[in-house]
Amino acid sequence: MSSLIVNSILQSSDVQLKLIAQKVVDAERISDTDALWLYKYGELSVIGALANYVRERKNGNYTYFNRNFHIEPTNVCIFSCKFCAYSQEYKHKEDGWELDIKQMMDRLRKYDGQPITEVHIVGGVHPKMDVHFFGDLLSQIKAHRPELHIKAFTSVELDYMFRKAKMSIKEGLTFLKEKGMDSIPGGGAEIFDEKVRLEIAGDKCDSAKWLEIHETAHQLGMRSNCTMLYGHVETYEHRVDHMSRLRNLQDKTGGFQTFIPLKFRNKDNNMSHINESTLIEDLKNYGVSRIYLDNFDHIKAYWPMIGRSTAQLSQSFGVDDIDGTIDDSTKIYTMAGSEEQSPTLTTEQLVELIANSGRIAIERDTLYNKLHVYDYAKPQLN
Ligand code: V47
Ligand code: SF4
């Protein structure tokens with residue numbers, strides 16, 4: 001079906017669209033200008049068809065999920081990103097939370113005997129939680145549950161920890177890797193354009209540093225994810241520039257596993273006056289990123305942030321991964337106003353959500369090894 005629609009796009013009288021569609025069919029990279037054209041002039045249905053074509057060529061009819069939970073060590077943060085509804089200033093730290101290692105290990109032990117494959121650890125940047133504190137946490141997690149994949153710390157947290165410990169990026173990453181860190185999540189990327197970054201997240205690690213940390217991790221054999229916070233003050237040009245920097249690094253290292261667009265949510269933060277993007281914009285953004293990022297295997301829609309219905313729709317706009325079971329263990333989006341106020345899905349619910357989108361669910365581990373295929377027939381209407 002997807003190729004039928006794409007064939008009809010190839011007959012379009014619009015020269016630019018025809019050119020882009022031909023590149024998509026030939027598995028040829030689209031240019032920044034092409035991506036901008038799609039953002040500005042592409043009809044949603046056309047972007048959807050082209051993105052779905054790429055998605056099915058790369059991942060067939062499969063959609064991935066995993067069994068995971070989050071640990072958020074603290075929401076106390078020395079930085080003051082304007083879009084953040086989650087952080088608590090250090091001088092008012094008593095209004096936030098600060099978990100010690102025992103409390104975090106107690107959270108981990110709750111999952112003893114459950115087939116969880118990943119723990120995702122991110123939080124605020126707390127001046128007293130240093131590289132040795134987190135090193136201890138990683139070793140204790142690995143001692144308790146060696147097979148559990150630890151995806152931990154955004155580049156923003158890592159940059160601060162390493163500077164404070166006077167370690168180079170390579171020394172710091174090597175230290176944490178030896179303690180048990182397996183991969184790096186995609187947070188902290190926001191928007192790479194220097195002017196926009198200054199405006200919305202001026203005091204944290206800059207774009208060059210974010211990219212350098214991921215590049216070094218890749219060189220050390222660790223995989224990582226990447227994100228883009230969109231739908232606030234940025235333009236389409238800024239989005240393309242952001243993805244272009246990621247595509248270039250991916251050409252160099254091949255270390256990114258997935259790209260995760262993060263929709264700006266406007267509750268209770270210093271950018272609450274900005275309207276949130278529409279559903280049409282969200283779907284368009286998934287689609288353009290799927291078409292543009294030809295060297296990425298996966299595009300993830302993070303369901304706790306966009307809600308279950310959009311997660312279903314997104315699978316027709318290039319998305320082939322919807323993250324995990326989560327078990328209500330993250331506050332980053334609930335505090336910023338996402339639809340999912342206590343994000344938890346059982347494996348059965350995730351599989352059903354995917355099957356009801358007309359796709360076949362695959363449980364993966366963090367590195368996209370296939371653990372189980374849930375080849376249920378799509379439920380029929382009666
Ligand atoms: O960097 C914070 C974002 C990110 C808001 O790697 C907001 O698998 C929208 O990166 N509206 C952290 N977004 C979370 C993150 C992530 C999430 C899920 C999976 C993975 C992965 C990574 O959350 C921050 C920032 O971009 N964020 N506040 C907000 N108001
Ligand atoms: Fe701190 Fe992260 Fe919030 Fe920025 S987004 S204020 S770095 S917790």
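Trainee: Let's start with ligand 1. How many residues surround ligand 1, and which are the closest?

Mentor: The model is predicted, so keep that in mind. Ligand 1 has 23 residues around it, and the closest are Lys-151, Gly-186, Gly-187, Gly-188 and Glu-190.

Trainee: What is the make-up of that shell by class?

Mentor: The shell around ligand 1 has 11 nonpolar residues, along with 7 polar and 5 charged ones.

Trainee: Okay, what about polar atoms? Which side chains have an N or O atom by an oxygen atom of ligand 1?

Mentor: Glu-190 is one of them, with a side-chain N or O atom 2.4 Å from a ligand 1 oxygen. Asn-225 also has a side-chain N or O atom there, 3.1 Å from an oxygen of the ligand.

Trainee: And how much of ligand 1 does the protein bury?

Mentor: On its own the ligand exposes 620 Å², and the protein buries 96% of that.

Trainee: Which elements give two or more residues to the ligand 1 shell?

Mentor: Those are β6 (223-230) and β7 (256-263).

Trainee: Where does the backbone of Phe-83 come in?

Mentor: A backbone N or O atom of Phe-83 sits 2.8 Å from a nitrogen atom of ligand 1. Phe-83 is also among the residues around ligand 2.

Trainee: Switching topic: at what angle do α2 and α4 pack?

Mentor: Helix α2 (residues 15-25) and helix α4 (residues 44-59) pack at about 15°, with their axes 10 Å apart. That angle is under 35 degrees, so α2 and α4 are roughly parallel to each other. Their crossing is left-handed.

Trainee: And how far apart are the axes of α10 and α11?

Mentor: Their axes are 11 Å apart, and the packing angle is about 25°. Helix α10 covers residues 207-219 and helix α11 covers residues 236-253. They are therefore roughly parallel to each other.

Trainee: Is the crossing of α10 and α11 left-handed or right-handed?

Mentor: The α10 and α11 crossing is right-handed.

Notes. Residues numbered from 1 in each chain as written. Chains lettered and ligands numbered in written order. Predicted model: local features only at pLDDT ≥ 70, side-chain atom pairs only at ≥ 80, totals over all residues. Heavy atoms only, no water. Near = heavy atom within 4 Å. Polar contact = N/O pair within 3.5 Å; in protein donor to acceptor, adjacent residues only side chain to side chain. Areas by Shrake-Rupley, 256 points an atom, 1.4 Å probe, with all protein chains shown as cover. Helix = DSSP H or I, 4+ residues; strand = E, 2+ residues; numbered from the N terminus. Nonpolar A, V, L, I, M, F, W, Y, C, P; charged D, E, K, R; others polar. Axes fitted to C-alpha atoms, helices over the stretch in contact; angles between N-to-C directions. Parallel < 35°, antiparallel > 145°, perpendicular 65-115°, else oblique. Left-handed = near helix turned anticlockwise from the far one by under 90°.
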